[in-house]
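My notes are kept in the order of the look-ups.

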Amino acid sequence: MTRKRNGQGSRSRRSTYGCTPGGWVTGRAAAGVALVLACAVASPAAATSTDKEAAVAGPAVAAASIVRVEGPTVTLQAKEARDLPRVLCPDGQTSTGGGIRINPNNGVFIREASPGGTGYDVSVDNQSDEPHTVTPLVICTTDPSITHQVGPVANGDEAISNAVCPEGQVAAGGGALAARRNYLSRSSSGGTYWSARAKNRAGPLFAGVYAFARCSSRPHSRASSSIALPAGAVGTAHAECPSGQVPTAGGGTGHSNVLHNASSPTATGWDLRATNADNIEHTLIVDVVCTAP
C-alpha cells in the first residue's frame, strides 16, 4: 500500500483523465488514443438537510467555483479487482472529493476513494459473479486555500485513521486508502478532520488504512442522515446540503461490517450505498460536506 504525500501517489501505472478546453483526454493521447467526455458543473438548488453541523473557519473569503467531472465508465469482470483511471480536475483546480457509481448497484466494494494530485483515485473489487460497470468521478474547486493532510496508518478492522486539518481550516473533503482485499467501512468528515476505517476480508493479510483530508479556510457545512440495514442487506442512504450550497465531498460510516459499494454526489447532496456483511441489523450513516459556490 502506497502512502500519498502532498496529494501525490506513486502509482504511475494509472491512466489519467482530465478536463481540457477540448474535453477529456486519456493519458495515452500521445499514442493517438483519446476519449472526449463532458465536464459537468454543479449548480446550487433548494435542499433540506438533516443533522446539520456548521464548520466555519476564519473570515469570509472569495467564492470558489465547484465543478464535478466524470471519468470513463469501466467494465469490471466477475471477481476482478482494479485501480480505476485517475480522474483529473481542470487546470488551476484541485480535488476535494469523489467516488463512483456502479451498475448493477451491488457486489462491488471500495478499497480506495481518495484525492491524488489534482485528481481523485478509486480502487474497487468486484466480488460478484457477474460484470459491473463503474464510473469514477471527482469534485474540483478553485479554492486557493486547500491543503492536503495525511493521517497515520491504522491497523485492524476497528482501527481508525484521522487526517487532521491545520488550525483555522476545516475538512472540505478527503478520502481513504486501504490495503488489498480490505474494504472501506468508514470515510467521512469530522469537521476539522477526515476519518477512515477498513474491513479485512482476506484472512490474515495486512489490514491497514490511511485517511486523507483536503482542508480549506472557507466556510463549509456538514449534513447527514441514516438508514437501517438488515442483516445481509444492501441499501443507499442520502444526505442533502443546506439550501444554496453544493457538495464538495461525501462518504459515511456505520458498523465495521457495513462495507461501502458506491459513493457519489448528486446536484445538492450525496449518496452512499453499502452492504451489511453481518448477521444482525446495523445503521448506515451518510455524510456530505457542502459550501456555497
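**Ground rules.** I am working with a predicted model, in which local features need pLDDT of at least 70 and side-chain atom pairs count only at pLDDT 80 or more, while totals for chains, interfaces and linings use all residues. Residues are numbered from 1 along each chain as its sequence is written, and side-chain values use heavy atoms, with hydrogens and water left out.

**Whole chain.** I found zero helices and 25 strands (DSSP runs numbered from the N terminus: helices are H or I of at least four residues, strands E of at least two). Buried residues make up 57% of the 293 residues; buried means under 20% relative accessible area with a 1.4 Å probe, protein chains only, exposed over 50%, and partly exposed in between. I then looked at contacts (heavy atoms within 4.5 Å). Among those between residues at least 6 apart in sequence, 75% join residues at least 24 apart.

**Strand S11.** I checked S11 (residues 119–126) and found eight of its eight residues buried. Gly119, Asp121, Ser123 and Asp125 point one way, and Tyr120, Val122, Val124 and Asn126 point the other way. Next I listed its pairings (two strands pair if DSSP finds at least two bridges between them). Eight bridges join S10 to S11 in an antiparallel arrangement, and Phe109 stands opposite Asp125. S10 and S11 form a hairpin with two residues between them, and Gly117 in the turn has a positive phi of about 60 degrees. S7 (residues 81–83) also pairs with S11, antiparallel, over three bridges; there Asp83 stands opposite Ser123.

**Strand S20.** Seven of the 10 residues of S20 (residues 220–229) are buried, so the strand is largely enclosed by the rest of the structure. Nine bridges join S20 to S25 (residues 282–291), and the two run antiparallel. Ile227 has Leu284 in S25 as its bridge partner.

**Cores.** I searched for nonpolar cores, meaning sets of buried Ala, Val, Leu, Ile, Met, Phe, Trp, Tyr and Cys residues joined through side-chain atoms within 4.5 Å. The largest has 36 residues, and Leu84, Ile100, Val124, Val138, Leu184 and Val209 have the most contacts inside it. Its largest share, four residues, comes from S19 (residues 208–216). A second, separate core of 17 residues includes Ile66, Ala239, Ala274 and Val288. Leu184 touches residues including Ile110, Ala176, Val209 and Val258, not counting residues up to four places away in sequence.

**Rings.** How many aromatic pairs are there? The search of the whole structure finds two. Rings of Phe, Tyr and Trp (its six-membered ring) pair if their centres lie within 6.5 Å; planes under 30 degrees apart are stacked, over 60 edge-to-face, and the rest tilted. Phe109 and Tyr183 are stacked, at 5.3 Å centre to centre and 15 degrees between the planes. Phe109 is in S10 (residues 108–116) and Tyr183 in S17 (residues 182–189), 74 residues apart. Both are buried. Tyr210 and Phe212 have ring centres 6.4 Å apart and planes at 45 degrees, so I logged this pair as tilted. Tyr210 is buried at 11% relative accessibility, and Phe212 is buried at 0%.
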